[in-house]
Amino acid sequence: PEAIDYAEALTGFVDSLNIEIDILVGHSLGALIAGSFAAHFNRISLGLVLANPASGHSQLPEKKRLEKLRTRLSNIAKIGPENYAKERSSALVSKNASEEALDLVRLNMSRLRIGGHAQAAHMLSSGDLFNDARLFSGHVLVLCGSKDTVTPEDGAQRIAAIYPNGRYQSLPDVGHASYIEDPDLFNRAVIGFADELKA
């Protein structure tokens with residue numbers, strides 16, 4: 001599947017709940033999906049928040065793109081979700097993260113399903129958030145942890161700059177799983193954006 005396929009599934013989910021979307025928040029791979037949703041469906045009334053966004057690999061040379069995809073697929077297939085979580089979870093938070101935050105990240109990662117992970121990996125490989133950004137003219141806030149080594153700040157800043165009404169906000173001293181590592185900081189940023197748009 002591609003990001004647009006996940007975006008279409010999100011449309012069906014929203015319709016089944018019979019809700020309107022004021023603000024859509026997407027984190028990491030979820031940002032890739034949220035960006036596609038915003039670009040192709042006129043369903044967001046106020047704005048879009050992309051946190052620690054994955055931009056997709058479609059702009060990479062094909063050889064490098066396929067190499068990244070193969071590595072991602074083979075790693076989890078070889079060792080399984082639980083061992084994958086043990087090995088990779090610390091990369092998603094800063095060195096100063098609490099044990100509770102690290103445990104939550106590890107727990108979430110251990111629940112990955114290999115098939116679902118493979119689908120998401122293909123979406124990442126084919127995704128292009130930079131292109132989708134040009135197609136959405138609404139208000140956009142891009143957030144990223146200053147200690148994020150998975151999707152570093154420079155990439156997030158480039159994404160914010162492409163959106164016609166985008167802006168960037170750094171989340172100090174947190175890593176990729178910013179909403180887990182410092183939920184108060186994360187929530188203040190999102191709520192502040194929402195309050196501003198509603199004013």
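Where is His 57 found? His 57 lies in the loop between β2 and α3.

## Basis of the description

The model is predicted, with local features requiring pLDDT of at least 70 and side-chain atom pairs counted only at pLDDT 80 or more, while totals for chains, interfaces and linings use all residues. Residues are numbered from 1 along each chain as its sequence is written, and side-chain values use heavy atoms, with hydrogens and water left out. Helices (H or I, at least four residues) and strands (E, at least two) are DSSP runs, numbered from the N terminus.

His 57 is buried, with a relative accessible area of 16%; buried means under 20% relative accessible area, exposed over 50%, and partly exposed in between (1.4 Å probe, protein chains only). Leaving aside residues up to four places away in sequence, His 57 touches Arg 65, Lys 68, Leu 124, Ser 125 and Gly 127. Contact means heavy atoms within 4.5 Å.

## The sheet

Four strands form an open sheet with the order β1-β2-β3-β4 and parallel pairing; two strands pair if DSSP finds at least two bridges between them. The edge strands, each pairing on one side only, are β1 (21-27) and β4 (165-171). From one strand to the next, the twist averages 20°. Strands of a sheet pair through backbone hydrogen bonds, either parallel or antiparallel.

Between β1 and β2 (residues 44-51) there are 6 bridges in the parallel sense, and Gly 26 stands opposite Leu 50 in β2. Strands β2 and β3 run parallel and are joined by 5 bridges; Leu 48 has Val 140 in β3 as its bridge partner. Between β3 and β4, also parallel, there are 7 bridges, and Leu 141 is partnered by Arg 167 in β4. Of the 7 residues of β3, 6 are buried, so this strand is largely enclosed by the rest of the structure.

## Helices on the sheet

Helix α2 (residues 29-40) lies across β1 and β2 and runs at about 145° to β1. Helix α7 (residues 153-162) packs on the sheet, where α7 touches β2, β3 (139-145) and β4, and its direction makes about 160° with that of β4. Axes are lines fitted to C-alpha atoms, for helices over the stretch in contact, and angles run from 0 to 180 degrees between N-to-C directions.

## The largest nonpolar core

The largest nonpolar core has 29 residues, of which Leu 24, Leu 48, Leu 50 and Tyr 163 touch the most other members. Such a core is a set of buried Ala, Val, Leu, Ile, Met, Phe, Trp, Tyr and Cys residues joined through side-chain atoms within 4.5 Å. Elements giving two or more residues to this core are α1 (3-17), β1, α2, β2, α5 (114-126), α6 (129-133), β3 and α7. The most come from α2, with 6 residues.

Beyond residues up to four places away in sequence, Tyr 163 touches Gly 35, Leu 48, Leu 50, Leu 129, Ala 133, Phe 136 and Val 140.

## Helix α4

Helix α4 (residues 99-110) has 12 residues and reaches 16 Å from its first C-alpha to its last, close to the 16 Å expected at 1.5 Å a residue; the expected span is 1.5 Å times one less than the number of residues. In α4, Ala 101, Leu 102, Val 105 and Met 109 are buried. They cover an arc of only 100° around the axis, which puts them on the same side of α4; the arc is that of the directions from the helix axis to the C-beta atoms.

On the other side of α4, Glu 99 and Glu 100 are exposed. The cover over the buried residues of α4 includes α3 (62-88) and α8 (178-181).
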